[in-house]
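Work through the exercises below with the sequence and the structure in view. Each task is followed by its solution.

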Amino acid sequence: MRILLVSPMYPGPADPDFGAFVKQVADELQRQGHELARAVIDGRGGSLVKYTRLTADAIKTARRFRPEVVYAHFLVPGGSAGALAAMAAGARLVVTAHGRDVRNIGSIPGIAALTRATVARAAAVIAVSDYLRRELVTKIPKLSGRVEVIDCGVDLERFQGRDPEEARERLGWSGDSPRYLCVGTLEERKNVVRLADAFARLEAGSLAFVGDGPLRAQLEGRDRVRVVGRVPHEQVADWIAASDVLCQPSLVEPFGQALLEAMATERPVVATSIGGPPEFVTRDSGVLVDPESIESIEEGLRSAAELPTPNTAARKVAADHDVRRQAARIAEVLAGRRAE
């Protein structure tokens with residue numbers, strides 16, 4: 001199948017972690033024998049003109065590549081750019097919603113109309129969690145019965161159980177155990193300040209943040225806390241292997257990619273109870289917390305540290321989200337068949 005991938009997030013030389021979840025699916029589709037062309041934005045920042053350029057690039061690539069299907073990520077702007085590219089090539093359009101694109105409906109002027117026009121053109125719409133599917137259908141009722149739930153999966157070869165001491169030595173992660181890790185943008189939605197405040201109540205342990213963002217200054221300089229900054233997605237696997245517990249107590253988490261990667265690495269997790277994580281985090285593999293309660297997060301940190309590591313129950317859950325299986329399911333939707 002000839003597939004044109006359109007995405008406003010994709011890893012590039014300056015931002016190798018940017019949209020890594022999109023790239024892993026695209027790479028797996030290629031490994032499964034499909035032919036891919038890409039129209040993407042591969043770096044953070046810049047003006048909104050970049051979305052106009054994405055649209056122009058998508059249309060140009062579609063006319064040259066002549067895809068059978070345009071596979072676009074994020075309803076707007078990726079999906080709206082993909083819709084025009086699909087029209088230019090006479091191709092099918094399939095769009096995946098990831099979270100922020102759904103939250104933007106009704107909160108940013110013009111996005112609702114653009115989203116409705118995009119999904120009306122789409123042959124199929126994918127959401128990365130059932131939570132996100134429900135939110136999308138609530139905002140656009142005409143999509144009821146039309147949304148498939150397929151997450152981007154996890155690479156079970158890259159993320160697997162490893163010796164934590166070896167990983168810690170390689171990374172230079174000193175400090176006491178348990179070692180807690182948070183991976184993601186240091187922003188309000190990720191709830192990183194409450195996480196740090198909850199960790200400060202523990203008598204022992206260390207906490208590392210892998211990522212960057214506007215709240216970095218509120219995390220730096222704290223006792224037993226290390227702010228690493230952004231790292232290539234390949235190094236995320238090392239940090240997870242070096243940790244005892246992965247923490248993602250976000251105010252809302254449409255899916256929870258880092259949680260799934262940690263579970264594949266046989267690490268227990270602390271996850272938000274709001275969003276997608278309750279769909280796959282089990283009692284044996286992690287703890288769900290109230291993200292607005294520092295006390296709940298504190299108790300979650302303590303309880304998760306008592307779970308087994310390596311955590312075979314977590315790995316078993318992650319195996320159901322193998323990227324190879326998820327890519328095959330996505331390919332079924334791209335081909336016009338319902339995913340199995």
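**Exercise 1.** Find the largest nonpolar core and the residues with the most contacts inside it.

Solution. A nonpolar core is a set of buried Ala, Val, Leu, Ile, Met, Phe, Trp, Tyr and Cys residues joined through side-chain atoms within 4.5 Å, where buried means under 20% relative accessible area (1.4 Å probe, protein chains only). The largest one holds 69 residues, and Val6, Leu75, Leu136 and Leu181 have the most contacts inside it. Helix H3 (residues 75–89) supplies the largest share of this core, seven residues. Helices (H or I, at least four residues) and strands (E, at least two) are DSSP runs, numbered from the N terminus. Another core, of 25 residues, lies apart from it and includes Phe199 and Leu301.

The model is predicted: local features need pLDDT of at least 70, side-chain atom pairs count only at pLDDT 80 or more, and totals for chains, interfaces and linings use all residues. Residues are numbered from 1 along each chain as its sequence is written, and side-chain values use heavy atoms, with hydrogens and water left out.

**Exercise 2.** In what order do the six strands of the open sheet lie, and which stand at the edges?

Solution. The order is S9-S8-S7-S10-S11-S12, with parallel pairing; two strands pair if DSSP finds at least two bridges between them. Strands S9 (225–229) and S12 (286–289) are at the edges, because each has a single partner strand, so one side of each lacks a neighbour in the sheet.

**Exercise 3.** Locate a bridge between S8 and S9.

Solution. Strand S8 (residues 206–210) is joined to S9 by four bridges. Ala208 has Arg226 in S9 as its bridge partner.

Methods
Buried < 20%, exposed > 50% of the residue type's maximum accessible area, 1.4 Å probe, protein only.
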